[in-house]
Amino acid sequence: MLKLIRPQDARLGMYIVGFEGSWIDHPFWRTHFLLTKASDLARLQASSVAGVTIDESKSVSAAEAARAAPVLRGAPSRPDTLSADQLRRAERTVRTCKKAMSRLFGEARMGRTPDPALALSVTREILASLTGSTTALIGLTRIKSTDSYTYLHSIAVSALMLRFGRHLEMDEEDLHQLGMAGLLHDIGKILIPSSVLLKPSGLTDKEMDLIRTHPVEGHRILSGYPNMPDLVLEICLHHHERLDGTGYPHGLTGEELSRPVRLAAICDVYDAVTSVRPYRKAWTPEEALRRLFEWKGHLDQPLLAEFARCLGYEDTIPTELADGPAGPSPARAVNGYSDPRPAGA
């Protein structure tokens, strides 16, 4: 049974399922969780949310909540709460990056090749923000309006790729290229009519064929700049390929897919399925990771396990993948999956 209460009436043991007002008004990463920590309760009661929706059927006594706290999923690397300062910094970063992304995509619409220097400056902005809170930055991109979805998706994918790259101890130059690739991977979508790209219902075969042109078109646009990094071009062209050969545009398989593009594909689909969209409900991070592990043959499973560790969701990793970090993946060229809607974000 759902019940709306004031934040001041919240108590330990209540199972929270939602907040009244904007996401940025409440200091939590999740909206569905059991309130077990006194510090979280204090944050909630001091926040500016208008109301809290609880599920009484899932709520427990304060004593049970105290016993549950030590065993709840929530590794130290997975922060559930955000400070007001972290939110403010993340908001500034998202505003700055979104403005720059609008310029980058605008240049492409006018037939000009996007400036890699601008993409690099956005990458550095995101990298700087990651020293504070990746949770805040990515969280602010979760609910995407139709007019800014591609921009915010690109920012979120870039942030996820940079966080993952740091986790894998990539060097700074490779991180910069990885971040740029995240920002520019979907630039080919500027050539797809919004009536198709944002269609709330299922796509026809003809519309799906049109959607599937965006990696090739994006690669063509980016290739117009003589010094565009090869890694950026590769990820743009192949982020929708899959290990089993069922992806597009070239149906590449196995060893044809490089580790950087496998990484990009994981971040791309993870952001797509955990984002709120007009045509479907977002999956929680746990649900998304568990389902991605079930899609065997699409994504690099050992690398996906390392991604789960990077985000602090080790409990989602299947037993057969749980022993240690991912080993090196087969060598050459790319990977991708898609937004289950039809084909990516």
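Guide: Let us begin with helix H7, which is mostly covered, since 10 of its 13 residues are buried, buried meaning under 20% relative accessible area, with exposed over 50% and partly exposed in between (1.4 Å probe, protein chains only). This is a predicted model, in which local features need pLDDT of at least 70 and side-chain atom pairs count only at pLDDT 80 or more, while totals for chains, interfaces and linings use all residues. Residues are numbered from 1 along each chain as its sequence is written, and side-chain values use heavy atoms, with hydrogens and water left out.

Visitor: Which residues of H7 are buried?

Guide: They are Leu175, His176, Gln177, Leu178, Gly179, Met180, Ala181, Gly182, Leu183 and Leu184. Helices (H or I, at least four residues) and strands (E, at least two) are DSSP runs, numbered from the N terminus.

Visitor: And what span should H7 have?

Guide: The expected span is 1.5 Å times one less than the number of residues, so the 13 residues of H7 (residues 172–184) should span 18 Å, and the end C-alpha atoms are 18 Å apart, which agrees.

Visitor: Switching to strands, how many residues of E4 are buried?

Guide: In strand E4 (residues 51–55), 5 of the 5 residues are buried, so the strand is largely enclosed by the rest of the structure. In a regular strand the side chains alternate between the two faces of the sheet. In E4, Gly51, Thr53 and Asp55 lie on one side and Val52 and Ile54 on the other, and both faces are covered.

Visitor: What is the order of the strands in the sheet?

Guide: The sheet is open, with 4 strands in the order E1-E4-E2-E3 and antiparallel pairing, where two strands pair if DSSP finds at least two bridges between them. E1 and strand E3 (33–34) stand at the edges with a single partner strand each, so one side of each is left without a neighbour in the sheet.

Visitor: Which residues are bridge partners in E4?

Guide: Among them, Thr53 is the partner of Leu4, and strand E1 (residues 2–5) runs antiparallel to E4, joined by 4 bridges. Val52 is the partner of Phe19, and strand E2 (residues 15–20) pairs with E4 over 4 bridges, also in the antiparallel sense.

Visitor: New topic: how many aromatic pairs does the structure hold?

Guide: There are 4 aromatic pairs, where rings of Phe, Tyr and Trp (its six-membered ring) pair if their centres lie within 6.5 Å, and planes under 30 degrees apart count as stacked, over 60 as edge-to-face and the rest as tilted. One of them is Phe105 with Tyr151, edge-to-face at 5.4 Å centre to centre and with 75° between the planes. Phe105 lies in helix H3 (residues 84–109) and Tyr151 in helix H6 (residues 149–167), so this pair ties together parts that are 46 residues apart in sequence.

Visitor: Are Phe105 and Tyr151 buried or exposed?

Guide: Both Phe105 and Tyr151 are buried. Tyr270 and Phe307 form an edge-to-face pair as well, at 5.2 Å centre to centre with 80° between the planes, and this pair links helix H12 (residues 259–273), which holds Tyr270, to helix H14 (residues 301–311), which holds Phe307, 37 residues apart.

Visitor: Why do Tyr270 and Phe307 count as buried?

Guide: Tyr270 counts as buried because its relative accessibility is 2%, and Phe307 because its value is 0%. Together with Phe164, Tyr270 and Phe307 form one aromatic cluster.
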